[in-house]
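The following explanation leads the reader through the aromatic contacts of a protein model and then turns to its surface.

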Amino acid sequence: MSALGSLRYHLNVSLLGNAYLRLDRMKLDRQMRQPGFWKDEHLSPPLRVSPWLKELITRHYLKGRHANDRFKVAWVTSGGPVEFLTALGYYVLYPENHGAMCGIRRVSEDLCGHAEAAGYSRDICSYARTDIGSVLSGKTPAGRLPKPDLLLCCTNICQTVLYWYQVLAHHFRVPLILIDTPFVYSEARDHDVAYVKKQLEHGVEVAEKTAGRSLGHKELKETTLRSKDAVELWKRIIETGRHRPSPITAFDEFIHMAPIVEMRGEPFTVDYYAAMLDELEERVAHDVGAVRNEKKRLLWDNLPIWYRVRQFSTLFAKQGVSLVASTYTNAWGELAEHIDPERPIESAAKVYMYPILNRGTGDKLRTIRRMVKEYQADGVILHSDRSCKPYSVGQMDQRRRLTDELHVPALLLEADHNDPRCFSEEQALNRLGAFMEVLEG
Amino acid sequence: MTESAGAALRIPGRREVLRSHKEKGGFVAAVFPIHYPRALLRAFGILPMEVWGPAGVNTTPGDAHLQAYTCNIIRNGLSFLLSGGLDEVDLILVPHGCDSLQGLGSVLLDFIKPRQQVLTLYLPRGDANDAGRAIGFFADEFRSLYKSLSAITGRKPSEPELLSFIAQEEAADQQRSVLFQQRLRLPLTDREFYRVLRSREFLPAEEFVRLAQETLQQKVETSHSGVPIVLSGIVPEPMEVLDAIWRAGGIVVGDDLLCSGRRLYPPGKDEDPFPRMAENILLAPPDSTRGSSVQERIEHLQKLCEDTSARGVLFYNVKFCEPELFYLPQIRKSLSGRGIRSVEMETDLSEHLPDQMMTRIEAFLEIFQ
Amino acid sequence: MSTEIEALGIDAGSTTTKMVGVTSSGRLAWHHLEPTDPQIEEQLRRFLEISRKEAGPAALPLVGTGYGRNLVQPADRRVTEITCHARGVFQEMGHGGTLIDIGGQDTKVILIDNRGSIVNFVMNDKCAAGTGRFLEVVANRLRIPLQGMGDVALSSREEESISSTCTVFAESEIVSLIARGHSTEHIVRGLHRSLVRRISALAKTAGLIPPVMLSGGVAQNAAVRDILSEELGQKVLLPRYPQLVGAYGAALIALGLPKTPQAEQRL
């Protein structure tokens, strides 16, 4: 990080980049306001904040391209306690979000191929294969990913990230901060929370050493407060889905959730979600549904099928089916109340043990049941994601109880979140078709 | 190859051991993989009997709860439970070891709810030497387990009692080390050797010590010949894999298996039994399920190959086992750079070794012959 | 009858059974090939009869390889097809490289160094989609003779992309494509692409030591060679008798064996 590097960064990102992105957003805004812009008869037009989302994400990756010139860079797992890194001025990159972007852009299969050619089995998580493939080949739709100075791995989403980040640590030869969160089979105990807290404190020390500076208490408090605000707004955004018709679908949420994961703690994230919430409340006030002719409402469990998000969105909308909620996007909203900016490290120990993936299968069923009621869902789609065992194991029992005890139609859909080779189009469409018929009848 | 004396060793079967223990008024716990404090269970009069598979179980009962892309360690184990295989045990312990074991524990607790009480145990990941955080947590986890076991059995073993049970387990683990050290001079086939080693999974520690000593008495002057290899992976099931290696002219001289070599628990130092038991486990050889670094695993395997003069490493993995699969490419590349050849194979814990597997083993050993 | 044959090798494959006789200098002097008979023991006896007619009654060292190697009773030794293929191709080509053997029911990739030693090997023996069986099934569905599939594929520059990763699903996909009026030639080329992609993915997993060499029954399919060359970005070399590589290697190993009384007993 030299003076020249800093200058390069300012030129490319702060000046040129920002200007370009601002113009692009204005252009898109204008386009969206043209009459005849949106022709789809089944889906309402995209939210007016969408160009802003594009700007945020694009800028994030633009920053990333030049980040090594100006910042210390950390690669972080999606459930990682990022606040202290953001407060220390790290640029944070989320390989999982990058992976999802590759899935959406249909390049994940190729990237997985690179990892597989290096000997990584097809039986490991497709996010990991996408990421490792990108690291080994240098290919990314983002142009260039910054090299990490530090890795942060939190096992609250799965143990797979543990092995994945050990592979990255070996490849990049950088320090790895591990936040090992004990699994909550029924409830979190005092010694679980104490253990996580100690690891967080140690993590802060390692991050400070790598950054070459100390963590300011005030900065951490402010970052945590912004995180809390953003998460609370996200919660309210999701809750608008309770309205009939729902102003938003889970497919939209999958796309709009990027900032809450990869830019949490930033002020613009709070502004963005505030604007998004306003727009959704406006839709609610005018009974505007994301699906124009909403007849049936569904809940989605597990990760999205990234390479089919748009197609599924259209497919469902054509049948008047609105995916009004998902346990995946809800996972963020649930955390809001536990975040305490006054005691950021202590509350983080509780918050980061709490995500749905760190809690038992019975708890997930309770969450699904509650959401079915709150969102008035007519059915549930359980994506049996080959790559995600913590999310998928338990679904067979959950599905049975939903249909047998709750009399809620529930479909187990076999696929993979990022590997299209594990997805059989014919089979999936057949199953979905039959499921829709069950909903009708 | 030296004449085998394995047939002469008498190893009691699991049912026999179970019944004998229960007749004496003890409890029996079925323990799923991987790491757990044996001494703690024994102190409560509970005999732990481990469930690794078993191989060849019909997975239909388990398939109703666990998807096909989960490993057979949990699918066979669950099917075994659901078909009555664990009917005689008093309680079930499912330690946390990976996402699949996590799921198994959770599904048992929340949905299947077997007659026996199900207990879980979290395994801390990361460096045990790192300011003792992991040891401190694990000790607390054992104290919590102590309370549960106390409620179940009505007993309250004292600290000196716990320490004596710990000493007993440490002695048994020490015997395992000695068996490995003397491997080449024991007139046993690989399968016979592993039958002895693996009896640690269900025999009381003191009986294992006796068996180990009996085995060691059979030591001969001449060493085995045969292509020396290291076996790495989870568990050598079906045990036929060891026959296949033996028949093809190989001999397993080094063990990086989760069920044996990676559980060569060293004796601890702490005088408080709870952190002592934590030390035993957390200071064991590098293990992917404990989140050891890739470098640690590479160094351990290299040293193992050097110490045993092994010609190559056979990575014998259970299909879908992510903890193993992630590490393989970097480990294999590093070993190859040191002139150590390796081969990967996958098992689904079926009853018999498929022909394809035999071919791979033979082809690998042919490289050195 | 030829008295120059000094050793024999039998490759008892799942689809075809091959036998090779080599001279004292290791030259491939004679061979015999038949589709594998379910009555394999009877077939092997017949092979030995035929070899005696060709090579004379003297007992010759014999090595058995292939899927059915354990059934080759009179063999002096049984060696896996991996070792035999490496030996056979190294002797013939004179250099190491990556041998891809595409059999009827399995596919092997063997990495051979400059001294003929095996560095690594991987096999696909669980899934038909990356083996000769894939072409057989789809040829059947399309009612094209298997031997003609390569030519049909080569006759087209365009190809229909086949998305199914499974042979069974690919069959349904073909039916659907034909019903929608797509050209058979385009489909056949697309099927070859599918097969080759799976094979090259396997090859990349093993690592690639140039040059790439091809053996097995499917090696005779020129379309597979061309498309494989394209996918791997390098030339693909062919030994003179691609199907005999395993039996040849077995015979070479037999040549190197010390003479034993067992060989006498075979008469």
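How many aromatic pairs does the structure hold over all chains? The structure holds 26 of them, where rings of Phe, Tyr and Trp (its six-membered ring) pair if their centres lie within 6.5 Å, and planes under 30 degrees apart count as stacked, over 60 as edge-to-face and the rest as tilted. The model is predicted, so local features need pLDDT of at least 70 and side-chain atom pairs pLDDT 80 or more, while totals for chains, interfaces and linings use all residues. Residues are numbered from 1 along each chain as its sequence is written, chains are lettered from A and ligands numbered from 1 in the order in which they are written, and side-chain values use heavy atoms, without hydrogens and water.

One of the pairs joins Tyr272(A) and Tyr273(A): the ring centres are 5.3 Å apart and the planes stand at 65°, so the pair is edge-to-face. Tyr272(A) has a relative accessible area of 0% and is therefore buried (under 20%, with exposed over 50% and partly exposed in between, for a 1.4 Å probe and protein chains only). Tyr273(A), at 0%, is buried as well.

In chain B, Phe180(B) and Phe193(B) also form an edge-to-face pair, because their planes meet at 70° with the centres 6.0 Å apart. Phe180(B) belongs to helix α7 (residues 159–181) and Phe193(B) to helix α8 (residues 190–198), so the pair ties together parts that are 13 residues apart in sequence; helices are DSSP runs (H or I, at least four residues), numbered from the N terminus. Both Phe180(B) and Phe193(B) are buried.

Terms used
Helices (H or I, at least four residues) and strands (E, at least two) are DSSP runs, numbered from the N terminus.
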